[in-house]
Structure formats: C-alpha cells, structure tokens
Amino acid sequence: MIKPGEYIKDILAMKPGASINARGWVKTRRDSKGIHFLQVNDGSGFQDLQVVVEDGIVPEEILTRITTGACIKAVGDLIESPAAGQAVELRANEIILIGDADPTSYPLQKKGHSMEFLREIAHLRARSNTFGAVCRVRNALSDAIHRFFQGRGFLYIHTPLLTASDCEGAGAMFRVTTLPLNGAPPNDDSKGPDADSAEDFFGKPAYLTVSGQLEAECLALALGNVYTFGPTFRAENSNTPRHLAEFWMVEPEMAFCDLNDDMELAEEFLKFIIRYVRERREDDLQFFNKRIDSTILANLDNVCEAPFGRITYTEAIEWLQKADRAWEYPPFWGTDLQSEHERYLTEELFKKPIIVTDYPKEIKAFYMRLNDDGKTVRAMDVLVPRIGEIIGGSQREERYNELSSAMRLQGLDVESYSWYLDLRRYGTVPHAGFGLGLERMLMYLTGMKNIRDVIPFPRTPGSIEF
RNA sequence: UCCCCGUUAGCUCAACGGCAGAGCAUUCGGCUGUUAACCGAAGGGUUGGUAGUUCGAAUCUACCACGGGGAGCCA
C-alpha cells in the first residue's frame, strides 16, 4: 500500500537527494541511446513522475515489457532534472515490473482519445489524464460538501434508498421486487395496481428513491440542520448529456428557515465548494481549462465574486417577453422555463448565476409553501450559465391544512403520506431545503460536456456495462 | 420518447456509384536527455447488421442495432 509521503504527488514536492521508491502505472516510455524515460502516475496528482532508466539497470527482457499501461515499482534517487518539463525526476537504481500490459492490445495510447471511446473502456479510463482529473475533482468536491455543512453544524444523515413512497413529484421510479416477473414488463400496471405486492418482500410496492427530501424533513424537524449526500435513481427515459439514471445528490434541510435563508445558504454553498476545489485541485482545473473548456476558470471566479442575481418567476417571464428574439417556446405566465429561456437569463441577460423564485404552484411539487397570493409557491431554482438549473429548492409547506389540500389537489394518496403530515401536526416549524446534483456541479467545475464522463460508471437508459 | 447527424484498420478520420486510403498506435530498424520526441519500413479491413436497387454499393433505398447533438422530463 502507498503510505502518506510515498505518493507521487509527495515525491514531486521533495527536494533532490531523497532516496525513494515510487509505484504506479506507466503512461509513456521514450527511449534514447543508453537511456529510457518513463512517465509514471499513481493517481495522486495530475503531474507524472519521470523515471530515468540507464542501460544496464534493468535486464533487456524486462525493459521491453515496461510499456504504456504496465504497473511498476521504481527505486532510486530523486535528482534535479537537467531538462525542462519537470523540476525533479527519479534516477532508477532498480525497476520491478509488477504487472505488464501487452502493448498490442492495451487500448489506451499516449495520444488523446475521444470521450466516446473512453466510455467504452470505462474500466481503464481512470488511467487517462482526463478521467484521472475528473476522479480527483469529484473527490475534492465531495470533501468540500462535507466541510461546508460540517462547518455549520449540520448533521450528515442517511436516508433510505429503498422506499415505498411512489410519487414524490420527481419522476419515474425503479420498481424493486423479489417476485418473479412472469414475463410481464416490470412497470406494467395493466393487471391492476400492485396485484401481487402483498406477496412481495416488503408486503407492498417498493422502489429506489428519487430523493431523500421527505425523510430529511423528518430529521430536520428533530435535529435542526441536516443534509443527505447519496445516490438517487430516476427511471426517466432521458437521453441527454445532462441526465443519469443513477446520480448523486446533496440535500440540506433546515428547520427555522425560510426561502431567503435557503437562498443565502445555496449561494454561500456554491461559492464555498468552488473555492475549496479551486484551492485543492488547481493542477487538474488548469488541465480542464487548457484541454476541455478554456472558459471554466474565468467563469468559476466570476461565480465566486459577484452576488447572484435574484428575480421572481413573474419577473423572469416579463424579461423573456421583452427580449427581442424568436422563442421556440414563447414564454407566458404559467409555463415552466425552457432550456432556451434559462440560457438567455443566465448567459445573456445577467451573465452570471441567478436565483428564480416564486413559481406558479401548478408547475411545482406539492410540498412547496403556498404564497399569500394563492397562485405561487416559495420555490427557488439556481440557474448557472452553460448548465441551467444546478440547484432546486423551496421553503416547505409547514401548515397542515394547506399541505393536505395541496396533496389532494395533485392527486396524491394522503393516507400513505400520513407520516409526512404528522410533521405538521406535531411541533411544525417553517423549514426549507434544496438539492444539488453532484454530477451537474462536476460538469460546471470541469467543463466536461457529457454527464457520463463525470461519474466512473454511468447508468443511462439501455446502458449498464461495467 | 421526438427531431437531426453519424457508424470504414486498435484510435481519429478520408474516399461520396467504378482497384480500400492517411495520420497516430503496434512490430522491426535508425537517431537523439527525451517531454503527446523524431526518421524509415512492415503488418493490420466481412466498410455496424439484414434485405433491396444496380453490370458494379463503403457510397443509393428500407428496416434494425449502436453512438453523438438538440428537445422534452429533470438534478
């Protein structure tokens, strides 16, 4: 095992003269007369360690097998590099070939590959520059999320992945069952709803969760400030570069909190995690800025500096109607904002992230607090350039009568949500929360164009390889 | 799910009705403290699948599969 101080990122930070050994995978090998250069990476950072091997150090038979993809251990001295490209390099006294990689079949070349090709070799793509960087940024982002909430006294809670709530207003769900399927499609309810579910594992229909929000509300109304951070599942047949069937979501939920507090937290949160990742993964972000999207660093700085714009849904519609352009979907009050509308508002009108609030109740979920106008609810969406909606949140309806009538209005089975209504019956309090899609945030941070390339093993309709 | 575009060597692409091509990768040789090194040579193909049109199909048509972009749904 590689121990602290032995990572290649640590070795690269050492002064020349140290006696070290490094382990990792060979990215490239360049040969000169009597001397060989190996670029070795162990995943700890973007920069490779250059290992210099002079003739005679390694038997010819072994040396020819140290090719791109091979796993090696190099023992030697760290010296000042006489050539440009790196400050220090490892002059090898010994190379141990741990695992070779047949160069005639190893799919990764030192040259760049298309993202589509790398996706087909998802089991190996973490060894590529791009995907290694994605994994490190993803880790730093996860770390940042915990640090933000922990620093504010939030409790990290675990909400269930298996659930019986079948309609949380968040899209189609994956049915989970131990019953034989009898040839019928699993989501076919034509035999009547849940005909056999009494025989099923839980005695009722079960699903993979689409959100931990309702359970998080239960805990917020006992513990104050809480957050979940885990996988969620959507069975939507969405075939876009922005959707996954399995993705990770961060959902804080706060008691004694109204929509303004909620918005403030969301803005502070985004700024904090961007700064945190920038500080810790500058090397990887520089790579993304150079090779993937040359605008990301400037954009991220822009987000951290400027206060987010804030407008109501009604104002947004007015802006859109005033805009001098031909909309594919003409905006009018009562319809949801389309992609083209969101882009216009963030990329052209405000040129920065904006928070849109107070949407018509008809286009939002049942649990959002009704405004005094009786027409809009206390919802907020954070829209950012290039991605669109990155955070969606709301102040929750804390009043029993208003909530239960909203549920009936949206056709929910009030009986099966009695536990959720109980929160309003016993010690209710204004509370609010939001959800952030981890992969959407990663796309924003890295400039990666396809969400399938910011998660190691993406699940999308018709695709569950690896 | 809808609308467009694509599928040719390991990878990225060319050839657009008439002999299947290049760069990179690979193998071999040369040169050089190299930096996605450089120079030379060689090997590498059921042109995604099935049917059809044609004297002749990678090329045109239909259907299917897979991939990409846009839209919807959403995070």
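## Lining of the second largest pocket

By class, 10 nonpolar, 14 polar and 9 charged residues line the second largest pocket (nonpolar: Ala, Val, Leu, Ile, Met, Phe, Trp, Tyr, Cys and Pro; charged: Asp, Glu, Lys and Arg; polar: the others, Gly among them). The model is predicted: local features need pLDDT of at least 70, side-chain atom pairs count only at pLDDT 80 or more, and totals for chains, interfaces and linings use all residues. Residues are numbered from 1 along each chain as its sequence is written, and side-chain values use heavy atoms, without hydrogens and water.

Of the 33 lining residues, Lys27, Arg127, Ser128, Asn129 and Thr130 lie nearest the centre of the pocket. Two or more residues each come from strand 1 (19-32), strand 2 (35-41), helix 3 (115-120), helix 4 (129-150) and helix 7 (282-291) (DSSP runs numbered from the N terminus: helices H or I, at least four residues; strands E, at least two). The volume of this pocket is about 970 Å³, taken as the space filled by probe spheres set on grid points joined across faces, edges and corners. A pocket is an open set of points on a 1 Å grid over the protein atoms alone, where a 1.4 Å probe fits, with protein on both sides within 12 Å along at least five of seven lines; lining residues have an atom within 4 Å of a point.

Leu223 belongs to helix 5 (residues 213-223) and is partly exposed, at 43% relative accessible area (buried is under 20%, exposed over 50%, partly exposed in between; 1.4 Å probe, protein chains only).

Ala235 sits in the loop between strand 10 (225-233) and strand 11 (246-255). Ala235 is also partly exposed, at 26% relative accessibility. Between Ala235 and Pro107 the C-alpha to C-alpha distance is 32 Å, with a sequence separation of 128 residues.

Conventions. Chains are lettered from A and ligands numbered from 1 in the order in which they are written.
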